[in-house]
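Please open the structure in your viewer and keep the selection panel at hand.

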Amino acid sequence: MKKYLDSLPKEIQDLISQASDSAYSNNMSVYLVGGFVRDLILGVKNLDLDIVVEGDGIKFAEVLSQKLNVGLIRHRRFGTATVILKKHLKVDIATTRQEYYPQPAYLPEVTCGVLKDDLMRRDFTINAMAISINRQDFGRFIDCFGGEADLADKKIRVLHNLSFVDDPTRILRAIRFEQRYNFKLEPKTLKLLREANELKMLERVQPQRLRDELILLLKEGCPLKPLNRIKELIKFNFINSGLSLSKKNLVFLKSVESQINWFKRKYPKRRQLDTWLIYLIGLIDPLNINNIKLICKKFAFRRGEEKRILAYKKLEPQFIKELSRDKIKASRVFSLLEPLSYEVIILIKAKFKNKNLEKYIKDFFEIYNGTHLYISGADLHKLGLTPGPYYQKIFHRVLNAKLDGLVKTKKEELGLIKKISEDKSYGAKRT
Ligand code: ATP
């Protein structure tokens, strides 16, 4: 495996070598494992390093993070830690362990073990390979379950017959990896997956774990692929029994996909979209609001996520009608769209095919959303206006005038403020 390691970017090679040194000086053994090894062999870029330590993983993580002078997050309950180097580069560190499952579908209890036992608890053969990064055998490949052969044959294979029963989230993981790499579920694994599905194992999983796997699936480059496979293999009861991914819904999701791509292409510097959330909202679009509220409750989405999910569902027909009209003022478009998130606006553009609406949304992203006033609170103060909540009303009015092209320069903005401040309905107070 040395040749694979040597082909890595220098930054990652340095990191691995620091990890190796830290292990050596602390008399520990360390191995690269999991998705990082899988992607290394496949030649796929992966900046999430998974390291297991024979010994105390948390202590090793502390030593490494000190050596690299970077932050560390400890998860003591699981004996794991994450060392974060940069926004996109991190190392997950675990202590080699065996697990036993207190009850099917519950989080495993962790006890100490050796590397092979650690690999044995993993989901699929392709995720259960390891590479030693210890000085004495740096680059030694450990493949106890035939992961390399399965990678070559493009197969997803579980390690034992009870894998999906022990942890049904692996059903979603299997579908995710199968579709991501264009692999196939190996026949026996497929049979076990179907059996676990018939036993409704996914419905027994703690909803938050299910949510996390669902989010990972929706974060895939092309989430429509695994969604179609879910429809074919297991259906969507684990989310809601009313959900079926009908043809109509699929057409909508395809439109959602092209709108997300449009946004990313056009506005690469804007804030990153929560694309998984857009797909989720699109997926559950056919459900009524009560079912959607039930989903939010069951999966305990964060407040901001739930807010966006419900904001889309609660859009009034009148809102869409107005946004589809000819010649609405820029200030009106702004006041309609500004309270909504980018995610919801993308969904509206995907759903309602209307030339005016499309243009208004484009103008909103391109022009209105970046419009700023020259004046600030300090200017209002200088004009002798005592600070108060009415400042906001004044800014709002000036911004509307600016959007509609009625004022352009700072002088014109100030002129308008003077006029507004004389209007008693604004309640302006003079110092
Ligand atoms: P990705 O490329 O999507 O990040 P990954 O394989 O790195 O994939 P993670 O979810 O980061 O996936 O998990 C890291 C490793 O932990 C996996 O490769 C796998 O070996 C193991 N793992 C994760 N989840 C499970 C699970 N539910 N059951 C067994 N092993 C798991």
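Begin by selecting Glu-413 and Lys-402, whose side chains meet in a salt bridge with N and O 2.9 Å apart; a salt bridge here is a side-chain nitrogen of Lys or Arg within 4 Å of a carboxyl oxygen of Asp or Glu. The pair links distant parts of the chain, with Glu-413 in helix 22 and Lys-402 in helix 21 (residues 390-403), 11 residues apart. Helices are DSSP runs (H or I, at least four residues), numbered from the N terminus. Both Glu-413 and Lys-402 are buried, where buried means under 20% relative accessible area, exposed over 50%, and partly exposed in between (1.4 Å probe, protein chains only).

The model is a predicted one, in which local features need pLDDT of at least 70 and side-chain atom pairs count only at pLDDT 80 or more, while totals for chains, interfaces and linings use all residues. Residues are numbered from 1 along each chain as its sequence is written, and side-chain values use heavy atoms, with hydrogens and water left out.

Next, select Asp-379 and Lys-410, a salt bridge whose closest N and O atoms are 3.4 Å apart. Asp-379 lies in helix 20 (residues 377-382) and Lys-410 in helix 22 (residues 410-422), so this pair ties together parts that are 31 residues apart in sequence. Asp-379 counts as buried at 10% relative accessibility, whereas Lys-410 is partly exposed at 35%.

Move on to Arg-121 and Asp-118, which form a salt bridge with the closest N and O atoms 3.4 Å apart. Asp-118 is buried, with a relative accessible area of 0%. The count of salt bridges comes to 33.

For Arg-180, an N or O atom of the side chain is 2.6 Å from a ligand oxygen.

Key: Polar contact = N/O pair within 3.5 Å; in protein donor to acceptor, adjacent residues only side chain to side chain. Helix = DSSP H or I, 4+ residues; strand = E, 2+ residues; numbered from the N terminus.
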